[in-house]
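Please look over the sequence and the model below before reading on. The notes that follow are grouped by topic.

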Amino acid sequence: MKVSEGFWVTKKGYEVRYASQAYRIKTDKNAVHVLATNSVIKDRGQTLDGPNFEITFSSTLKDTIKVHIDHFRGDLRNTPRFELNEDPGFVPEITETDTEVTLISGKTKVVISKGDCWDIAYYYENKKLTGCERKSTSIIFEDAYIKDARLRRNESDYFYNAKDERTTYLREQLKTDIGECIYGFGEKFTPFVKNGQTVEIWNQDGGTCTDLSYKNVPFYISSKGYGVFVNSPEKISFEVNSDVVSNVSFTIPGEELEYFVIGGQNLEEVLMHYTDLTGKPALPPAYTFGLWLSTSFTTDYNEETVNHFVDGMKERDIPLQVFHFDCFWMKEYEWCNFTWDEKQFPDPAGMLKRLHEKGLEICVWINPYVAQSSYLFDIGKEKGYFIKNRDGSVFQCDNWQAGLAIVDFTNPEACKWFKSLLKTLFDVGVNNIKTDFGERIPADCVYYNGMNPLAMHNYYTYLYNKCVFEALEDYYGKDKACLFARSATAGGQKFPVHWGGDCYAEYSAMAETLRGGLSLCSSGFGFFSHDIGGFEATASSDVYKRWCAFGLLSTHSRLHGSHSYRVPWVYDTDGSTEACDVLRHYTKLKASLMPYLWAQANKTHKTGVPMMRSMIVSFTDDLSCRYLDTQYMLGDSLCIVPVMNEEGRADFYVPGDGEWTDIQIGETYNGGRYYTRICDYYQMPILARPDSIVVYGSFEAQGGRSVIYDYLDDSEAVIYGLGDGKKAKATILDSESKLICTITATRSGNRVRVDYDKCDKSFKITVAGITKIAEAGSTTVEFDL
């Protein structure tokens with residue numbers, strides 16, 4: 001939110017007051033309490049008139065500094081709160097000298113200066129991260145006529161109930177260093193490095209080609225190795241070096257502002273601490289990492305169509321794991337009624353039973369809206385289960401479904417009702433739910449719990465997805481729930497998986513999708529998917545095949561479109577089978593990587609480090625990684641470089657000092673350099689990190705149909721680029737996440753020693769092209785290179 005015209009002039013209609021002095025500082029065992037004045041106080045007369053800031057610095061988790069700013073504390077405080085994992089018993093270290101007060105949490109600290117200047121500095125160990133100086137912490141008053149003008153410009157989504165009084169905002173401005181890069185804010189399709197951008201935290205359905213986004217998160221990370229989380233679901237405006245060009249500013253309506261500065265050794269550690277606070281990603285079931293196929297959206301489909309697709313994939317030897325029914329499994333004009341369209345699907349229970357017998361899991365589409373034509377509308381209206389207008393009537397609109405109402409998830413009884421409707425689906429064999437929408441939520445309405453509807457706009461998606469995820473967990477058990485969610489906010493990572501929304505079927509949309517995914521996974525989300533082949537329009541065969549490679553080397557992989565099908569044979573012309581061949585190649589490759597991928601998924605669940613992550617997250621200290629947004633790490637050990645052009649050109653950077661190895665073609669690349677390579681459809685670069693172990697399962701030998709198989713039996717642990725004096729480690733878990741083997745490789749000179757847990761089955765170990773058998777019951781294998 002920009003209220004200045006240059007450095008000196010404030011825009012007409014606004015008044016800005018800044019924290020200028022830590023006038024009074026008090027400490028207790030848990031916090032530092034600062035009374036900050038809006039001017040430097042020289043005499044008693046200056047203590048009259050004008051706002052003060054009551055600021056509390058505390059810490060409720062290791063390596064997190066909590067900052068709470070109040071102007072007036074007498075407001076209603078009717079804003080929903082993110083569900084945070086704070087420890088009220090955590091006690092930071094507080095020290096005080098004549099010139100400053102320091103609060104230390106782990107290795108992260110804040111230093112509050114005394115005296116006649118406003119100076120707050122944050123450090124990790126002795127490295128300065130960021131801080132507030134003169135003209136930073138501020139309160140903004142907006143005159144009523146400015147608000148009225150905004151309303152006249154039809155921006156009532158943002159402000160409601162205009163009054164003849166000023167609107168108050170609180171703003172913080174944190175310093176950025178020269179060359180520092182900022183990332184995150186949820187799923188953003190704009191340039192990956194957010195410097196120079198205005199970022200509005202406001203969920204909207206805008207596709208992947210604009211600055212609107214489905215998943216807004218008030219959290220960012222910095223290339224300097226810290227993160228900042230603003231603890232509010234309100235419409236927060238961030239100016240990332242776009243107002244004062246050496247600051248990140250964030251502005252929130254109301255009388256209070258709370259944020260956390262989060263430190264860490266690197267960005268992976270920062271994300272660990274952030275998800276300690278906001279919640280770890282749940283663990284999706286192992287089968288969800290297989291290939292998903294959809295009916296597509298507005299295409300014509302019934303049971304015959306579904307069987308044609310499923311049988312066609314099997315005939316072409318393309319392993320399929322999950323089948324998804326999109327919107328029209330329900331009758332048109334009645335979404336949602338949770339009832340199968342009997343005209344298209346006369347025997348849904350029998351159909352799903354037959355699909356399960358073919359080895360498939362089932363997903364269906366829902367949204368949080370109930371159309372007026374749905375039999376559920378009158379029930380929800382009578383029982384008060386919908387969001388209301390101020391006069392007590394049900395909020396309705398015709399945008400999407402005619403006369404739709406919106407389920408009010410702040411009402412516990414509405415949640416129970418919604419869960420009971422979901423259970424009717426689970427009873428006939430549905431075990432995954434696509435939770436679409438959740439962004440088109442009014443800002444001028446009334447909720448059951450009386451919360452501020454402006455703040456509820458972003459928070460609504462959290463309650464929606466939480467309700468559905470809990471229903472799945474209640475029915476199927478912990479670690480057995482999986483969503484395919486489009487909207488999200490902070491904490492939404494606890495309810496995976498999330499997909500990237502409506503992208504166009506072209507190369508530019510592939511790049512948009514990847515940027516959005518990397519931004520989302522820089523915001524605490526562990527898993528990410530997207531519509532393989534693009535959602536809107538129909539891709540060329542070329543784009544489709546490249547997208548198949550990208551999609552199968554994402555954490556979750558789904559073929560889905562809007563007006564056309566996404567089965568591969570519709571992209572094969574003139575007798576070619578190449579689209580089918582490419583999809584088969586990468587589907588089976590991903591299935592063979594399940595021992596590695598599943599171990600990495602479990603690590604993401606436990607630590608919060610995203611499974612799919614940008615290069616800067618994995619290599620925070622490598623300057624060349626700061627702007628990379630066309631490649632990514634999939635887990636700790638694999639770098640993926642999607643090919644996104646007709647020439648088949650892959651341009652990529654290899655970090656570090658060691659030797660990376662392409663797991664498909666065997667070429668090696670020295671770290672610290674850029675490379676360009678021309679790739680056919682089967683050669684998307686997949687580079688194994690030096691000093692790593694990647695375990696490949698015997699997928700084909702065990703039937704080659706399901707990604708759930710014995711990940712140890714006859715698997716192959718390949719040790720890549722192990723340097724002298726280096727060590728590499730890998731774990732193998734079964735599909736229920738039980739540890740069955742730990743493998744450790746150590747190199748000394750030309751000898752490599754591999755130690756592993758005693759197992760009841762043998763597997764292979766390969767080093768530098770030499771393969772040996774790790775016999776059942778043994779614990780060591782040695783190699784002479």
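Of the 785 residues in the protein chain, 61% are buried. The model is a predicted one. Its secondary structure comes to 12 helices and 47 strands. The radius of gyration is 27 Å, close to the 28 Å that the globule rule gives for 785 residues, so the chain is as compact as a globular protein of that length.

**Overall dimensions, surface and charge**

- Along the principal axes, the C-alpha atoms of the protein chain fill a box of roughly 85 × 70 × 50 Å.
- The protein chain has an accessible surface of about 28,800 Å², and carbon and sulfur atoms account for 47% of that surface.
- Counting contacts between residues at least 6 apart in sequence, 68% join residues at least 24 apart.

**The parallel sheet**

- An open sheet with parallel pairing is formed by 6 strands, in the order β27-β24-β23-β22-β31-β30.
- At the edges of this sheet are β27 (432-435) and β30 (531-532), each of which pairs on one side only.
- Within the sheet, strand β22 (residues 291-294) pairs with β23 in the parallel sense over 3 bridges.
- S294 has H324 in β23 as its bridge partner.

- Helix α4 spans residues 348-357, and its buried residues include P348, G350, M351, L352 and L355.
- An α-helix has 3.6 residues a turn, so residues three or four places apart point the same way.
- Just after α4, G359 takes a positive phi of about 90°.

- Strand β8 (residues 93-96) and strand β9 (residues 100-105) run antiparallel and are joined by 4 bridges.
- These two strands, β8 and β9, form a hairpin with 3 residues between them.
- E93 stands opposite I104 in β9.
- On from there, β9 is joined by 6 bridges to strand β10 (residues 108-113), and this pair also runs antiparallel.
- The bridge partner of E100 in β10 is S113.
- The hairpin of β9 and β10 has 2 residues between the strands, and G106 takes a positive phi near 65° there.
- In a regular strand the side chains alternate between the two faces of the sheet.

**The antiparallel sheet**

- Another open sheet has 6 strands with antiparallel pairing, in the order β32-β33-β34-β39-β36-β37.
- Its edges are β32 (612-613) and β37 (668-670); each has a single partner strand, so one side of each is left without a neighbour in the sheet.
- Inside this sheet, strand β36 (residues 659-662) and strand β39 (residues 686-688) pair in the antiparallel sense over 2 bridges.
- D662 has L687 in β39 as its bridge partner.

Technical notes: Residues numbered from 1 in each chain as written. Predicted model: local features only at pLDDT ≥ 70, side-chain atom pairs only at ≥ 80, totals over all residues. Heavy atoms only, no water. Rg over C-alpha atoms; globule rule 2.2 N^0.38 Å. Buried < 20%, exposed > 50% of the residue type's maximum accessible area, 1.4 Å probe, protein only. Contact = heavy atoms within 4.5 Å. Areas by Shrake-Rupley, 256 points an atom, 1.4 Å probe, with all protein chains shown as cover. Pairing = 2+ DSSP bridges.
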